[in-house]
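Please keep the sequence and the model side by side as you read.

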Amino acid sequence: MGSADLGHAGAMFNLGVCFENGIGVARDPARAVGLYQKAADLGDASAMCNLGVCYEDGTGVVKDPARAVALYQRAADLGDAGAMCNLGVCYRGGIGVSQDEATAVGLYQQAADLGHAGAMCKLGLCYENGVGVPKDPARAVPLYQKAADLGHADAMYNLAVCLDNGVGGDKDKARASALYRRAADLGHADAKSALRLP
């Protein structure tokens, strides 16, 4: 397996992704976990994040949310935006850690500042619904827009709902319809329902 056999952390991470998802090899989540662990031990933040997902979901390992949180924290400390977002999800939902919505918002903000579309969308939801911050739908709309511009289907849908109903700004049925369509084209089930598509 080349570079991975030679101890290259990035190669181990990439090979782990292949085994986790069955890309070019037979799907083998346990082997993916082993590769992620080796890469994480070498300081690869992306591997720490993916290993955290495996522990959070129980993919290739026994489910261990507290271990997932520790891995996300290590990766977040190294600047991994995906890990920051995942750690925020854990704090928001009390997964492997005590629930702390304000900490979740702070993590979403850090990841959004690094350009993470999923974090932008989650931060928008927090502002729209007053989770961990005062309710402020007008702050949610530009966050959804930034994430939608990056191709995030949930953000497209959330922005469409806001525009459709005048939440956080003026109603704009035409823009809402276009966003529902874009999200539906990406497979978003709620957007398909909004358009009454099968």
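Tyr36 counts as buried, because its relative accessibility is 0% (buried means under 20% relative accessible area, exposed over 50%, and partly exposed in between, with a 1.4 Å probe and protein chains only). This is a predicted model, in which local features need pLDDT of at least 70 and side-chain atom pairs count only at pLDDT 80 or more, while totals for chains, interfaces and linings use all residues. Residues are numbered from 1 along each chain as its sequence is written, and side-chain values use heavy atoms, with hydrogens and water left out.

Now let's look at the aromatic rings. Rings of Phe, Tyr and Trp (its six-membered ring) are paired if their centres lie within 6.5 Å; planes under 30 degrees apart are called stacked, over 60 edge-to-face, and the rest tilted. By this rule the count comes to two aromatic pairs. One joins Phe13 and Tyr36: the ring centres are 5.9 Å apart and the planes stand at 35°, so the pair is tilted. Helices (H or I, at least four residues) and strands (E, at least two) are DSSP runs, numbered from the N terminus. Phe13 has 16% relative accessibility and therefore counts as buried.

The other pair is Tyr157 with Tyr180, whose ring centres are 5.9 Å apart and whose planes are at 50°, so this pair is tilted. Tyr157 belongs to helix α9 (residues 153–165) and Tyr180 to helix α10 (residues 173–185), so the pair ties together parts 23 residues apart in sequence. Are these two tyrosines, Tyr157 and Tyr180, buried or exposed? Both Tyr157 and Tyr180 are buried.

Back at the start of the chain, let's see how the helices pack. Two packed helices are described by the angle between their axes and the distance between the axes. Here the axes are lines fitted to C-alpha atoms, for helices over the stretch in contact, and angles run from 0 to 180 degrees between N-to-C directions. Helix α1 packs on helix α3 (residues 45–57) at an angle of about 25°, with the axes 10 Å apart. The two helices α1 and α3 are therefore roughly parallel (angles under 35 degrees count as roughly parallel, over 145 as roughly antiparallel, 65 to 115 as roughly perpendicular and the rest as oblique). Their crossing is left-handed, a term used if the near helix is turned anticlockwise from the far one by less than a right angle, with right-handed for clockwise. Phe13, Val17 and Glu20 of α1 meet Ser46, Ala47, Asn50 and Cys54 of α3, where contact means heavy atoms within 4.5 Å. The residues of this contact of α1 with α3 comprise four nonpolar, two polar and one charged. In these classes, Ala, Val, Leu, Ile, Met, Phe, Trp, Tyr, Cys and Pro are nonpolar, Asp, Glu, Lys and Arg are charged, and the others, Gly among them, are polar.

Helix α2 meets α3 as well. The axes of α2 and α3 come within 8 Å and cross at roughly 140°, which makes α2 oblique to α3. The crossing of α2 and α3 is left-handed. On the α2 side we find Val33, Tyr36, Gln37, Ala39 and Ala40, and on the α3 side Ala47, Met48, Asn50, Leu51 and Cys54. This contact of α2 with α3 has eight nonpolar, two polar and no charged residues.

What is the angle between α3 and helix α4 (residues 65–77)? The angle is about 165°, with the axes 8 Å apart, which makes α3 roughly antiparallel to α4. The crossing of α3 and α4 is left-handed. Residues in the contact include Met48, Leu51 and Tyr55 of α3 and Leu71, Tyr72 and Arg74 of α4.

Two glycines take us into the loops. Gly24 lies in the loop between α1 and α2 and, with a relative accessible area of 81%, is exposed. Gly151 lies in the loop between α8 (137–149) and α9 and is partly exposed at 40%.

Finally, step back to the whole chain. It has eleven helices and zero strands, and 43% of its 198 residues count as buried.
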